[in-house]
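Please load the model in your viewer and keep the selection panel at hand. The stops below say what to select next and what is there.

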Amino acid sequence: YHVLEAVLEAATGETFAALVQSRIAGPLALADTRVADGTVEPRLAASYVVTGDRGAPGPCLRPERFGASAALVSTAPDLARFGAALLGGRLLPAALRDTLWASGPETGWAAMGQWAYPKRLADGRAVRVVERQGSLGAHEALHVLLPDEGLAVVVLKNAGSASLFGLAWQPGLPIDLLEAVLAPAAARRR
């Protein structure tokens with residue numbers, strides 16, 4: 001990500017922060033999305049190193065020190081709007097988006113910067129999933145896109161040692177989310 005950041009800045013003559021603002025956050029009206037610069041934000045949770053076996057918070061991390069690899073900060077609503085824009089073709093043409101999400105068993109379902117895989121749900125339906133995860137200390141972000149359903153699901157956390165992550169070949173929160181989000185309405189009322 002640091003190399004990509006340097007390439008983008010050299011190719012455009014703009015800083016990574018300016019590119020995020022001009023190419024993504026501004027056009028999509030993502031008011032709470034930016035590259036961290038050390039400014040204290042009342043709505044931005046601090047990220048801590050998790051210490052001890054009980055997940056107690058340790059020293060505070062400074063995301064601005066991590067550049068493109070972990071300095072992008074946002075809120076769940078902004079991240080959901082980003083996902084909707086990606087699903088709706090507002091960020092990339094469909095052909096480029098399909099390239100971004102191309103994967104298969106030969107790559108371990110790894111696509112460009114995320115996992116993209118088919119998943120069979122408990123009710124037998126097969127769904128296509130695009131899952132992006134990120135973490136810095138105890139901060140974790142889970143962004144699950146369901147392209148064929150046009151849905152984006154976002155979960156953020158900043159405390160504790162429990163992980164949000166789980167991939168197609170193991171049980172975990174992404175699969176549990178799929179089951180809950182895609183469950184028939186009657187089943188959800190039970």
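Which residues make up the largest nonpolar core? Select Tyr-117, Leu-121, Val-127, Val-129, Leu-142, Val-144, Leu-146, Val-153, Ile-175, Leu-177, Leu-178 and Leu-182, twelve residues in all; a nonpolar core is a set of buried Ala, Val, Leu, Ile, Met, Phe, Trp, Tyr and Cys residues joined through side-chain atoms within 4.5 Å, where buried means under 20% relative accessible area with a 1.4 Å probe and protein chains only. The model is predicted, with local features needing pLDDT of at least 70 and side-chain atom pairs counting only at pLDDT 80 or more, while totals for chains, interfaces and linings use all residues. Residues are numbered from 1 along each chain as its sequence is written, and side-chain values use heavy atoms, leaving out hydrogens and water.

Colour by element next, taking helices (H or I, at least four residues) and strands (E, at least two) as DSSP runs numbered from the N terminus. Helix 5 (173-182), strand 6 (126-136) and strand 7 each supply at least two residues of this core, and helix 5 gives the largest share, four residues.

Now select strand 7 (139-146), in which seven of the eight residues are buried. Strand 7 runs antiparallel to strand 6, with seven bridges joining them, and pairing requires that DSSP finds at least two bridges. Gly-134 has Ala-141 in strand 7 as its bridge partner, and in the hairpin Gly-137 takes a positive phi near 60°. On strand 8, Val-153 is the bridge partner of Val-144.

Finish at helix 3 (residues 76-87), whose buried residues include Leu-79 and Leu-86.

Conventions: Expected span 1.5 Å × (residues − 1). Buried < 20%, exposed > 50% of the residue type's maximum accessible area, 1.4 Å probe, protein only. Contact = heavy atoms within 4.5 Å.
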